[in-house]
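Take a walk through this structure.

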Amino acid sequence: MKKNPYKVLGIKEGASYDEIKRAYRELAKKYHPDRYQNNPLADLAEEKMREINEAYEELMKNAGNYQYRPDYEESYNNSNASQGTYKQQYQQQQSGSYSYNTQYQYQYENESDLENKVRMYINSGNIAEAQRILDRMKNRNAAWYYLQGLVFLRRGWYDRGYSSIQRAVNMDPSNFEYRNALNNLNQQSAGYRYNNYYRNSYHTSPDMCNLCINLWCLDTFCECMGGDLISCC
Amino acid sequence: MFGYVEPDKPELKIREYDVFRGYYCSLCKTLGRRYGQFSRLTLNYDLAFLYVLLDSLNSLPISGKIQRCIVHPLKKRFIIFSNDFAEYASDMNIILMYYNLEDKWNDEKNVMGGTGVLALKRAFNKAKRRHPEKCASIESHLKKLSALEKQGCDSMDEVAEEFGAIMRDIFECESINDENDRKALGWMGYNLGRWIYLLDAYNDIEKDVKNNSFNPLVSQYGFKGYNINDFKESIRGKVNFALTYSLSEVEKAYSLLAIEKNKGILDNIVYSGLIVRTDKVLQERGIEDEKESL
């Protein structure tokens with residue numbers, strides 16, 4: 001059964017073009033494959049993303065307004081493009097290719113087969129096998145720590161995962177992939193902590209305490225400069 | 001150990017607060033009906049959250065009645081009618097609390113624990129008969145957990161894994177038909193369990209050092225008898241990351257669930273309540289003072 005595209009995007013029927021677009025953007029950010037990297041639920045997120053793309057596509061088709069057309073084509077192509085790369089990645093996994101993209105493939109071409117194998121197992125979600133190979137490897141270089149970190153993260157061992165990746169970055173600070181992974185970890189946790197709901201709640205709104213401190217600071221600064229904001233103090 | 005999962009009350013709408021309380025009271029009544037009046041004392045917020053979460057995966061309207069109950073005899077309250085999920089959550093409540101009390105009794109010979117074990121024994125047997133596989137799985141994780149505790153395991157991840165696995169069992173409710181939802185629930189439970197275990201460990205550092213009992217954070221970072229506050233301060237960043245990242249995974253799993261109702265309440269807990277709770281423990285703003293009954 002096909003789902004109601006309005007419901008998929010979480011908007012009212014007959015929502016305006018802007019509303020649809022905003023809802024789509026928000027959801028696309030939420031279910032973006034980057035956010036579900038190294039997550040056992042990645043396939044569910046992928047499916048959700050597909051649903052959202054389909055719903056958006058359909059609504060935009062129905063909107064069919066000429067003046068919006070160019071913009072729509074653009075974002076549609078974008079979404080298709082991202083889907084494309086994702087699909088490609090998936091196919092790579094299927095065909096037994098080991099790396100996220102060609103850049104890294106090149107980089108690891110000359111390295112041991114074991115590392116590639118570990119990557120393959122991580123990508124296909126076979127964490128136990130990846131760990132077995134890692135345990136067998138003797139050379140504990142930056143790449144080893146990085147891969148071990150990925151395995152830890154996938155298992156839900158975030159403390160060790162973080163330390164391992166941190167170690168990989170320390171051993172090889174110039175490596176973009178390792179640094180990227182570390183940044184991603186920090187971003188995920190900061191992104192959650194300062195989510196919209198929390199940000200818009202009373203926790204961050206200015207309270208009376210802040211107001212008083214601000215007034216006091218302002219007064220002090222004014223006095224420094226020779227003026228006075230609050231004359232009694 | 002339990003009761004860390006709760007809403008960020010000031011941010012709830014009054015209507016949402018009433019509905020949440022309706023669920024809480026409903027679970028309490030269900031416990032009383034199925035397991036006797038004493039079992040109502042063991043009710044905690046974590047299971048109330050599970051009840052709301054499971055019940056929100058279908059679009060049946062919320063129905064309840066304004067009625068009296070013996071816990072709050074003076075004022076009538078809105079109480080939601082019990083359903084399968086209330087029964088499931090009440091079973092899980094009994095199972096978890098029984099194991100928890102048994103653990104306390106075995107480890108510290110805690111008198112409260114011993115009394116609780118005796119009082120809950122019958123209720124527990126009943127619940128175990130209803131969920132034999134769940135109990136077997138939980139028992140095997142508990143066995144591993146206590147073995148790790150005995151050998152003084154020095155990795156917080158390794159110990160928290162077992163508790164996470166227990167919560168995964170609890171969250172993977174068989175009455176949820178959708179396989180994807182069950183998978184997301186399981187991952188949510190695992191990460192929530194990790195968070196509960198580690199948060200509790202941080203909260204108990206002082207007590208555990210004083211009683212010389214096992215604490216994963218103390219054994220991982222090696223407290224060597226200098227100032228305990230400095231020690232807590234020195235590991236706060238690391239612990240904060242482990243906790244927050246676990247919660248971010250809870251949120252990722254949550255956003256994949258097909259929530260049909262009570263979105264306000266659940267969003268409040270997932271996006272704010274858990275963070276507030278984490279900060280309270282990490283910054284040690286008096287938790288005990290703020291604890292109050294619904």
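How many residues of chain B are in contact with chain A? The count is 44 residues of chain B, in contact with 34 residues of chain A; contact means heavy atoms within 4.5 Å. This is a predicted model, in which local features need pLDDT of at least 70 and side-chain atom pairs count only at pLDDT 80 or more, while totals for chains, interfaces and linings use all residues. Residues are numbered from 1 along each chain as its sequence is written, chains are lettered from A and ligands numbered from 1 in the order in which they are written, and side-chain values use heavy atoms, with hydrogens and water left out.

The size of an interface is often given as the accessible area lost when the parts come together. Here chain B and chain A bury about 3500 Å² between them. That buried area is the accessible area (1.4 Å probe) that two parts lose on being put together, summed over both. Carbon and sulfur atoms carry 56% of it. On the chain B side, B:Phe241, B:Tyr245 and B:Leu256 lose the most area to chain A. Together they account for 19% of what that side buries.

Charge also spans the interface. Five salt bridges are found between chain B and chain A, a salt bridge being a side-chain nitrogen of Lys or Arg within 4 Å of a carboxyl oxygen of Asp or Glu. A:Arg35 pairs with B:Glu251 in a salt bridge, with the closest N and O atoms 3.0 Å apart. Over all chains, the whole structure holds 20 salt bridges. B:Asp91 and B:Arg34 form a salt bridge through their side chains, at 3.0 Å from N to O. This pair links distant parts of the chain, 57 residues apart: B:Asp91 sits in helix H3 (residues 84-108) of chain B, and B:Arg34 in helix H1 (residues 14-35) of chain B. Helices (H or I, at least four residues) are DSSP runs, numbered from the N terminus.

Now the helix packing. Two packed helices are described by the angle between their axes and the distance between the axes. Axes are lines fitted to C-alpha atoms, for helices over the stretch in contact, and angles run from 0 to 180 degrees between N-to-C directions.

Start with helix H7 (residues 179-203) and helix H10 (residues 228-255) of chain B. Their axes lie 8 Å apart, at an angle of about 160°. H7(B) is therefore roughly antiparallel to H10(B); angles under 35 degrees count as roughly parallel, over 145 as roughly antiparallel, 65 to 115 as roughly perpendicular and the rest as oblique. The contact includes B:Trp187 and B:Trp195 of H7(B), and B:Val239 and B:Leu243 of H10(B). Its residues divide into 16 nonpolar, two polar and four charged. Ala, Val, Leu, Ile, Met, Phe, Trp, Tyr, Cys and Pro count as nonpolar, Asp, Glu, Lys and Arg as charged, and the others, Gly among them, as polar.

H7(B) also packs against helix H6 (residues 156-171) of chain B, at about 135° with axes 7 Å apart. H6(B) is therefore oblique to H7(B). Among the contact residues are B:Phe163 and B:Gly164 of H6(B), and B:Gly189 and B:Gly193 of H7(B). This contact has 14 nonpolar, four polar and four charged residues.

Note on methods
Helix = DSSP H or I, 4+ residues; strand = E, 2+ residues; numbered from the N terminus.
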